[in-house]
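Please look over the sequence and the model shown here before reading on. The report is written for someone who is meeting this structure for the first time.

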Amino acid sequence: MAVNLVNVEAVGKTYGTRTLLDSVSLGVSEGDRIGVVGRNGDGKTTLVRMLARLEEPDTGRVTHQGGLRLGVLTQHDSLDPAATVRHEVVGDRADHEWAGDARIRDVLTGLFGGLDLPGFPAGLDTVIGPLSGGERRRIALAKLLIDEQDLIVLDEPTNHLDVEGISWLAGHLRARRSALVVVTHDRWFLDQVCGRMWDVQRGTVYEYEGGYSDYVFARAERERIAATEETKRQNLVRKELAWLRRGAPARTSKPRFRVEAANALIEDVPPPRDSAELMRFANSRLGKTVFELEDVTVTAGPKQLLRHVTWQLGPGDRIGLVGVNGAGKTSLLRALADAKTSDGEQQPAAGKVVVGRTVRLAYLSQEVAELDPEWRVLQAVEAVRGRVDLGKGREMTAGQLCERFGFTKEKQWTPVGDLSGGERRRLQLLRLLMDEPNVLFLDEPTNDLDIETLTQLEDLLDGWPGSMVVISHDRYFLERTTDRVFALLGDQSLRMLPRGVDEYLERRRAMEEAAVPAAPVQHKQQKDRPTGDTRAAKKELQRIERQLDKAAEKEKTLHARIAEHATDFAKVAEIDAELRALREEREDLEMRWLELADEAGQ
């Protein structure tokens, strides 16, 4: 029987007149992997701080097993700004000692890209003081992970990590023997590392078996049994549940409760997006041209980030953009936005960007726009527009949209200056959507948003008819809201990845293992290749991409038909045969796409 490392007994915590935790009793055993979720401000961080004895409860008690080796990553590090990275991470260990330790090598390579910390000006001897918050975060995480612990408590460990870093961290934590308690809004990460979930809601903590996907199933079942009156919230849970069951990639083992009851919940829930209808609506709003790049080169100062890129963002396209830090994802969006705001007069360093005449662009950057701190939340939203058309006959007032994004009627009168970082991010998103854009550029939109707000945003985007490009390290959000993934691999090219983020990670691993810079090879190939052949290859690439889109839509339709005829085994077998044939056709198209991508230098 597993031994409890930590016991939380009848714990209560109150701030002012607000009770965050009310008589909560929990335990963490050896080998537990626990994810903590809940809305911002409901007490997740307070719970784990008390668990780690960094904060005392008002009532009840927290006890630790004798001799417990505890590692904690808080949201604010305690690194010495005058110290070097070497001093904080490896301490007094001699070079031959730490370099010979497989765990330290793995941590430094996984978090920094190499033992010599290639992104830091003086490597391990870089002084911490001038570093950014993201760099300090990685250092604090590395300092924690190189040691052996019985229990690790992590508060938002994926903040400031890219897709590769998050993937590495998930694999590293799965391989450790330590018990784990982690607070994070990254749902893909929760599915990868957690076997139990704690849901903090209104002073109570609900426990669930399994990762995030299992938690969604179980929470929907609990709300069905309780016949909750929160109809809107339940509908969002059911919608996400339907996506997880029908369209999401395989994530976890079978749920640990009655799947039949969950299936009953979603039998009348359509797919999250009617892509065909949205495409028709987008065409009517945008016409044929949105953004077209012709032989474009994008630079940042003297550095070339993208070279000879020919690409098209069409009406209704939902594109996810991934890539290594510094490869040019944000610079690409800025180049497109500059061409739009200057009516096409401002062009990139080379090549041409064509912008459709009907494009109304909304660009959510990583920086939170400054607003008058004296404004009230509702006032800041109504300053853009009083009502918004969400498409398909749906209209909302500014106040209604505020409520959808977690700003209750009381909160709508809060001064902007009193909002937290996450709340200001929500307000910025609201203002963008109130302007009724038909093209959205979202650069790291999930920063500082809790899971409930993310599901609200995903729900709004499901019915939003327009073109969209999303840059995000949140893999779940990327897969949930976009239809195709393009990647910047650091070789000055833009590539479509038919298999999405999985293919991106495979390509990055292959590049690292080969240890051969991709860009020089590509440049040589381009030099030796006839221009006409390249142009023809690019045209065929675009044709195949359209075929892949159609195949993906047909596959969704076949899945829906299988669900519709679930009790007719003969019909299911017939549809399944169609599905297998379609998959073979799609694999052939993907292989041909990869061949042409090499020919075209993409």
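The sections below go from the chain as a whole to its salt bridges and then to a charged patch on its surface.

## The chain as a whole

This is a predicted model, and its chain holds 21 helices and 20 strands. Of the 602 residues in the chain, 52% are buried, while the accessible surface of the chain comes to about 27300 Å², with 48% of that area belonging to carbon and sulfur atoms.

When contacts between residues at least 6 apart in sequence are considered, 70% of them join residues that are at least 24 apart.

E9 is partly exposed, and its relative accessible area is 31%.

Another salt bridge joins the side chains of D42 and R18, also given as 3.3 Å, N to O. Here too the pair links distant parts of the chain: D42 sits in the loop between β3 (33-38) and α1 (44-51), whereas R18 is in strand β2 (residues 18-29), and the two are 24 residues apart. With a relative accessible area of 8%, D42 is buried, whereas R18, at 43% relative accessibility, counts as partly exposed.

The side chains of R475 and E479 meet in a salt bridge of 3.3 Å, N to O. Because these residues are 4 apart in helix α17 (residues 475-481), R475 and E479 are separated by about one helical turn. R475 is buried, with a relative accessible area of 8%, and E479 is partly exposed, with a relative accessible area of 23%.

Salt bridges can also be followed through a group of residues, as in the network that links K13, R49, E55 and D58.

Which residues form a negative surface patch? The patch is made up of E584, E585, E587 and D588. E584 lies in helix α21, which covers residues 569-600. The relative accessible area of E584 is 53%, and E584 is therefore exposed, as the cut-off for that term is over 50%.

Note on methods
Residues numbered from 1 in each chain as written. Predicted model: local features only at pLDDT ≥ 70, side-chain atom pairs only at ≥ 80, totals over all residues. Heavy atoms only, no water. Buried < 20%, exposed > 50% of the residue type's maximum accessible area, 1.4 Å probe, protein only. Contact = heavy atoms within 4.5 Å. Areas by Shrake-Rupley, 256 points an atom, 1.4 Å probe, with all protein chains shown as cover. Patch = residues over 30% accessible without salt bridge, like charges linked within 9 Å, V, L, I, M, F, W, Y side chains within 5 Å. Salt bridge = Lys/Arg side-chain N within 4 Å of Asp/Glu carboxyl O. Lys, Arg positive; Asp, Glu negative; His and termini not counted. Charge placed at Lys NZ, Arg CZ, Asp CG, Glu CD.
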